[in-house]
Amino acid sequence: MRPAHLALAALVAAVWGVNFVVIEIGLDHFPPLLFSALRFLVAALPAVFLVGRPTVAWKWILAVGLVLGVAKFGLLFTGMDLGAPAGLSSLVLQIQAVFTALFAFAALGERPGRLKVTGMAVALAGIGVAAADEGATGSLTGFALVIGAAACWGVSNVLTRKASPPDALNFMVWVSTVPVLPLLALSLLLEGPERDLAALRDLDPAGAGVIVYVAWITTVFGFGAWGWLLRRHPASSVAPFSLLVPVFGMSSAALFLGEDVSPARWGAAALLVGGVALTSFAPGRRTGGNPVADPVPVPVSSSGRALNEERPA
């Protein structure tokens, strides 16, 4: 990769990592489900009129939109609203790689090899360390919801694998149209119209800026740039930059939000990132015995999803 392309990949990882800090700020302005609905609404409009028609069947757009947009982001934003720290959330969400491997085994017959199983065990050990550290000082409920969000992300990765979208940005924009109404309905039901109207009535430049960042910067720019890189370089060259997302997430949370990063949390980060790396890049096998190269996961920041695109190594 050229130096400029390396810098772009690192910039996208930084944008996605800092996004967790932006979400934390946004939750001071909006209820979590309304915030998520607005994020998808602004991500879809006006982009949906610019990216062309969907390049995959609507059944895949609807399925990923519900699992990723409604379930994954609803759980993530609610978990952070209940007290899961931004930096820790950016880290814990990476356990999606383990869920993706497990669901791919169940749904696609991709049997994990020994190296992948080892990586899953290491990543789960990191989750255990993070849970023990969070249980001593923070919200275990919020922590559990973030893990649930990671599981939903794993399901959406498998669905996206089946859909095989040829254009990641086109797919993400059309997926963003699906969750808006379900999330708005859930917000009205669970958060209440009074709270939603108050948040919209009190919208200020900071709140508007948060929506613009999570919708346009992390989605339109982030996925557009990532897809551009994947069209020009092997996934094995681009995807390792995704492991920088929790590094930027934890660092920016400490810098901008004053979050304390304990030695135990750094240990959990080392285990999780190392385990995710092994899980993501180790080859898998079909249950029939034929080897298959796993597509390398492309992360979603909290703005989007990790579109798995296959490129020759």
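Me: At what angle do helix H2 and helix H9 pack, and how far apart are their axes?

Reply: Note that this is a predicted model. Helix H2 spans residues 32–44 and helix H9 residues 180–191. They pack at an angle of about 160°, with axes 8 Å apart. Angles over 145 degrees count as roughly antiparallel. H2 and H9 are therefore roughly antiparallel to each other. Their crossing is left-handed.

Me: Which residues of H2 and H9 make the contact?

Reply: H2 brings Pro-32, Leu-33, Leu-34, Ser-36, Ala-37, Phe-40 and Leu-41. H9 brings Val-180, Leu-183, Leu-184, Leu-186, Ser-187, Leu-190 and Glu-191. By class, that contact has eleven nonpolar, two polar and one charged residues. As a helix rule, there are 3.6 residues a turn, so residues three or four places apart point the same way.

Me: How should I read the core? Which residues touch the most other members?

Reply: Start with the general idea. In soluble globular proteins, nonpolar side chains tend to be buried together. Here the largest nonpolar core has 79 residues. Phe-35, Leu-76, Leu-93 and Ile-95 touch the most other members. Helix H1, residues 3–26, gives the most to this core, with ten residues.

Me: What is Ile-95 in contact with, leaving aside neighbours within four places in sequence?

Reply: Ile-95 is in contact with Ala-123, Leu-124, Ile-127, Ala-150 and Leu-272.

Me: Which residues of helix H5 are buried?

Reply: H5 covers residues 96–108. Its buried residues are Gln-96, Ala-97, Val-98, Phe-99, Thr-100, Ala-101, Ala-104 and Leu-108. Just after H5, Gly-109 takes a positive phi of about 70°.

Key. Residues are numbered from 1 along each chain as its sequence is written. This is a predicted model: local features need pLDDT of at least 70, side-chain atom pairs count only at pLDDT 80 or more; totals for chains, interfaces and linings use all residues. Side-chain values use heavy atoms; hydrogens and water are left out. Axes are lines fitted to C-alpha atoms, for helices over the stretch in contact, and angles run from 0 to 180 degrees between N-to-C directions. Helices (H or I, at least four residues) and strands (E, at least two) are DSSP runs, numbered from the N terminus. Angles under 35 degrees count as roughly parallel, over 145 as roughly antiparallel, 65 to 115 as roughly perpendicular and the rest as oblique. A crossing is left-handed if the near helix is turned anticlockwise from the far one by less than a right angle, and right-handed if clockwise. Contact means heavy atoms within 4.5 Å. Ala, Val, Leu, Ile, Met, Phe, Trp, Tyr, Cys and Pro count as nonpolar, Asp, Glu, Lys and Arg as charged, and the others, Gly among them, as polar. A nonpolar core is a set of buried Ala, Val, Leu, Ile, Met, Phe, Trp, Tyr and Cys residues joined through side-chain atoms within 4.5 Å. Buried means under 20% relative accessible area, exposed over 50%, partly exposed in between (1.4 Å probe, protein chains only).
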